[in-house]
Amino acid sequence: MEIRTLRYFLAVARDENMTRAAESLHVTQPTLSKAIKSLEEELGQKLFTRQSFSIKLTDEGFLLRNRAEDLVTMADKIEQEFLALDDITGGDIYFGLAESYQISYLAREINSFKKLYPDLRYHITSGDTSQVAEKLDKGLLDFVVLAEMPDTSKYESLIFPETDSWGVVMPADVPLAQKESITVDDLAGLPLFCSG
């Protein structure tokens, strides 16, 4: 399985149209069709369902799309790192950010850093703690901001100077609304909608 073929696959998945994907990739439609058919044969799975004017991913196609995005991102990152070896003032830094108010500290530091190294490019991905930690483990990210303590046996870490405050939004007539503060025990057993 080649990275080029995965790029072809991702373009078709994105455009949902073989002609448009071929145009965006600057290849002929027969070349693209042959590459997709070869990929399906290699994996032994149908990746797309063909309809009259579009094509859609199958369940197996969705699985491959998620993995292919990671692989293509990793290949791009490796290429960029090698291109930037001789230029320590430029290059790319990849951040993964879990939901946290503390990101404002990081934003200020990036702003200061940009003044010292204007040729650095910053790429920011958001997600929950497990999503960004997984990308860090795969080498897709350089730094992450987590909303919980990291595994110190795996990561070097710094603690932000403040902690996030969490709250509960509820109707005024709910008995919990009369309390001055709420603990986790107060919420046990209640149906909640919360951030991941």
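At what angle do H1 and H3 pack, and how far apart are their axes? In this predicted model, the two helices pack at an angle of about 105 degrees, with their axes 10 Å apart. H1 is therefore roughly perpendicular to H3, as angles of 65 to 115 degrees count as such. By class, the contact of H1 with H3 has seven nonpolar residues, one polar residue and no charged residues. On the H1 side the residues are Thr5, Tyr8, Phe9 and Val12, and in H3 they meet Leu32, Ala35, Ile36 and Leu39.

Confidence can be summarised for the chain and for two of its elements. The mean pLDDT of the chain is 83, and 90% of its residues reach 70 or more. Among the elements of the chain, H1 has the highest mean value and H5 the lowest.

| Element | Residues | Mean pLDDT |
|---|---|---|
| helix H1 | 3-15 | 93 |
| helix H5 | 103-116 | 80 |

Where pLDDT is low, the predicted coordinates should not be read in detail.

Helix H3, which spans residues 29-43, also holds Glu40. Is Glu40 buried or exposed? Its relative accessible area is 10%, so Glu40 is buried, the cut-off being under 20%. Beyond its neighbours within four places in sequence, Glu40 is in contact with Gln45, Lys46, Leu47, Phe48 and Arg50.

In helix H6 (residues 129-137), the buried residues include Thr129, Val132, Ala133 and Leu136. Seen down the axis of H6, its buried residues fall within an arc of 100 degrees, and they therefore line one face of the helix. An α-helix has 3.6 residues a turn, so residues three or four places apart point the same way. Just after H6, Gly139 adopts a positive phi of about 85 degrees.

Notes
Residues are numbered from 1 along each chain as its sequence is written. This is a predicted model: local features need pLDDT of at least 70, side-chain atom pairs count only at pLDDT 80 or more; totals for chains, interfaces and linings use all residues. Side-chain values use heavy atoms; hydrogens and water are left out. pLDDT is the predictor's confidence in each residue, from 0 to 100. Helices (H or I, at least four residues) and strands (E, at least two) are DSSP runs, numbered from the N terminus. Buried means under 20% relative accessible area, exposed over 50%, partly exposed in between (1.4 Å probe, protein chains only). Contact means heavy atoms within 4.5 Å. The arc is that of the directions from the helix axis to the C-beta atoms. Axes are lines fitted to C-alpha atoms, for helices over the stretch in contact, and angles run from 0 to 180 degrees between N-to-C directions. Angles under 35 degrees count as roughly parallel, over 145 as roughly antiparallel, 65 to 115 as roughly perpendicular and the rest as oblique. Ala, Val, Leu, Ile, Met, Phe, Trp, Tyr, Cys and Pro count as nonpolar, Asp, Glu, Lys and Arg as charged, and the others, Gly among them, as polar.
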